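Here is a short briefing to read with the model open beside you. Please keep the sequence at hand as you go.

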Amino acid sequence: MSVFIKKDKCIGCKKCVEVCPGNLFVVRGKKAEIRDERDCWGCTACVKECPQNAISYYLAADLGGGGSLLYATEDETSINWVLQSPEGKETTVTVNKNQSNEY
Amino acid sequence: MQTAEFTADILVIGGGAAGCFAAITLAEKYSNLSAILVDKANIKRSGCLAAGVNALNAYIVKGETPINYALYAENDAAGIARGDLLLSMSEKLNSVTAKAEKLGLVIQKNPDGSYAARGKRNIKINGENIKPLLAAGVHQAKNIQVLNHVNIVDYIKDNGKIIGAWGIDIVREEIVFITAKAVICATGGAAGLYRPNHTGFSRHKIWYSPFNTGAGYAMGLRAGAEMTSFEMRFIALRCKDTIAPTGTLAQGIGATQINVFGEEYQAAYGNTTSERVFAVVSENLAGRGPCYLKTTGITKEEEESLEKAYLNMAPAQTMRWLETGLTPSKSNVEVEGSEPYIVGGHTASGYWVDINRKTTLEGLFAAGDVAGGCPQKYVTGAFAEGEIAAKSAASFALYQTSVNLPEDVKKSVVKQIENFMENKNSENSLYDENSLEEAMQSAMDEYAGGIKTYYRYNETGLREAKAHIERIEKLSENLRAHDFYELMKIFELKERLLLCQVLIAHLQARKETRWHCFAENLDYPEKKAEFDKYINSVLENGKPKIILRPLISVKDAGGERV
């Protein structure tokens, strides 16, 4: 379970440093790094917080992962979760923030 | 060594559900008092609700009563719960829920305006943003100062009274001293004591937050507080690998558990929380595993709703469905038990408190997962306890004179930190905090009822576990930190090692099996009336001393079945 940081997109704004519940991020040379990939809980707080969509979440191989990345964009009313397959295919799931879970 | 000092009327340690709610209560009802809320991360996403929460699992729905809720929790705990605490919590469940809605929490409603129930005690919400909402509520308050990224290590005690706490600021790299007239501990429970389901790359893909390391329990023990029911461990039944919640499938869409032959087996084992874990373990041991929640055949709409619901609390599960194409309508969802935790929001483990959530230490109150005796409190119960503790702490603080940081405390803390940062012994140390954590988890797994032994243990094994923990504790003395993050990791390890020691003493003391899996002692496989007792402990000269206390049932506390 961990996150993948797209270094070309990262602007070193430290929002991930601010929000990670495990204090796992550091910014070195204006780029975010995770101290130890094994320590990520997978809460996706950083994924949702990153203004550059530079941080994606992925399922580790031991959890059945297949190489896809998941990032999220957020606006007033919804969170758009975008799953990128290794082949580059994108699937978006939009969750309305004002709507309760059905289950 | 840089230091910083703060003072307030009330200090709240931990900005999760209980801590934030305590702070919000102080802002609303005691605006003349100042308070500091301190968190090891940022209250916007700290603690076990970082990703969100799927439902509110403690609510008195139409036709139910607080007494019924308390009786349910007492039964689920096989009697090891405090009736007085359960009742005082249950009575507040609905008012705190209404308050959460005012803070912005989206709750599903029926046409008549009542909340839509999910089963007997649950209501449906969108809990993805529960932490940002609580944080926003706290930040609105003028009398609350928030200190983020400060990991509290220990209380400050003066003349037998708790007068504050000290910690380390991970970002600023300085030692922080906070004094207060009253202190509320709301640090959460303890994860990471046992070897997890995945041990390598995904070692932190666990149920409870891996950053909840039991700091509050450890601080309390070191300061002499009495703790209760550590032996009532919690093991979560989860979706395999992703460790995502199962309640959404079981209660939400009514999925039943089936074994590899497609047989429904739950009824044969009973339906308490521990029996549901035991059922899966037993089916697997009998060669009838893997076990699944039967989801195949659900409609496309149901499936899409599930995918969204999981994104709001455990995105890994939705990702797995989408990535593999094995969505719940096509493929049943395999379940497994997690490793054991100590967590007072689910079982009765934690501080021994009175009905006002006052601990056995003067000036110290506790709420949420760190507070004992009140299982099945979940998020709303943590809110309720935060509110109760805030009122009690405020009433106490009103009659206290101002407190000062004792100079000798400051000196000894600085010396302790300098020692960890410049520990000469470690130049040749073979071990670091990672390898010692792994050794601790391994010993607990093998000998104190971890996943490896299907949660079972015996007296010989517990003695082995104790010897290993003592050995690892000695090794931990030589650990050295290069920065404040590593320093935090060392303190976390030391907290966990102390908890392991006390947990083992509790497991040894309960010479019976009251709960399958949660405390399954193979030397004493039956439940015994002589253990209709709370097992409590205090630390004396660094060693756990066990105290047995008589039960206070819901009935004793004035609750009859309605």
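This is a predicted model: local features need pLDDT of at least 70, side-chain atom pairs count only at pLDDT 80 or more; totals for chains, interfaces and linings use all residues.

Residues are numbered from 1 along each chain as its sequence is written, chains are lettered from A and ligands numbered from 1 in the order in which they are written, and side-chain values use heavy atoms, with hydrogens and water left out.

**Chain A: elements and overall form**
- Chain A contains two helices and seven strands; helices (H or I, at least four residues) and strands (E, at least two) are DSSP runs, numbered from the N terminus.
- Starting at the N terminus, the order of elements in chain A is β-α-β-β-α-β-β-β-β.
- Along the principal axes, a box of roughly 40 × 30 × 25 Å holds the C-alpha atoms of chain A.

- In chain A, 56% of the 103 residues count as buried, meaning under 20% relative accessible area, while exposed is over 50% and partly exposed lies in between (1.4 Å probe, protein chains only).
- Looking at contacts (heavy atoms within 4.5 Å) in chain A between residues at least 6 apart in sequence, 37% join residues at least 24 apart.
- Chain A carries 13 positive and 14 negative side chains, and the centres of the two sets are 7 Å apart. Lys and Arg count as positive and Asp and Glu as negative, without His and the chain ends, and each charge is placed at NZ of Lys, CZ of Arg, CG of Asp or CD of Glu.

**Chain B: a four-stranded sheet**
- An open sheet in chain B is made of four strands in the order 15-10-19-20, with antiparallel pairing; two strands pair if DSSP finds at least two bridges between them.
- Its edges are strand 15 (350-351) and strand 20 (543-550) of chain B, each pairing on one side only.
- Strand 19 (residues 533-540) and strand 20 of chain B run antiparallel and are joined by eight bridges.
- B:Ser537 has B:Ile546 in strand 20 of chain B as its bridge partner.

**Chain B: the residue B:Met1**
- B:Met1 lies in the segment before strand 1 (3-13) of chain B.
- With a relative accessible area of 45%, B:Met1 is partly exposed.
- Leaving out residues up to four places away in sequence, B:Met1 touches several residues, among them B:Ile175, B:Val414 and B:Phe484.
- B:Met1 and B:Glu174 are 173 residues apart along the chain, yet 6.9 Å separates their C-alpha atoms.
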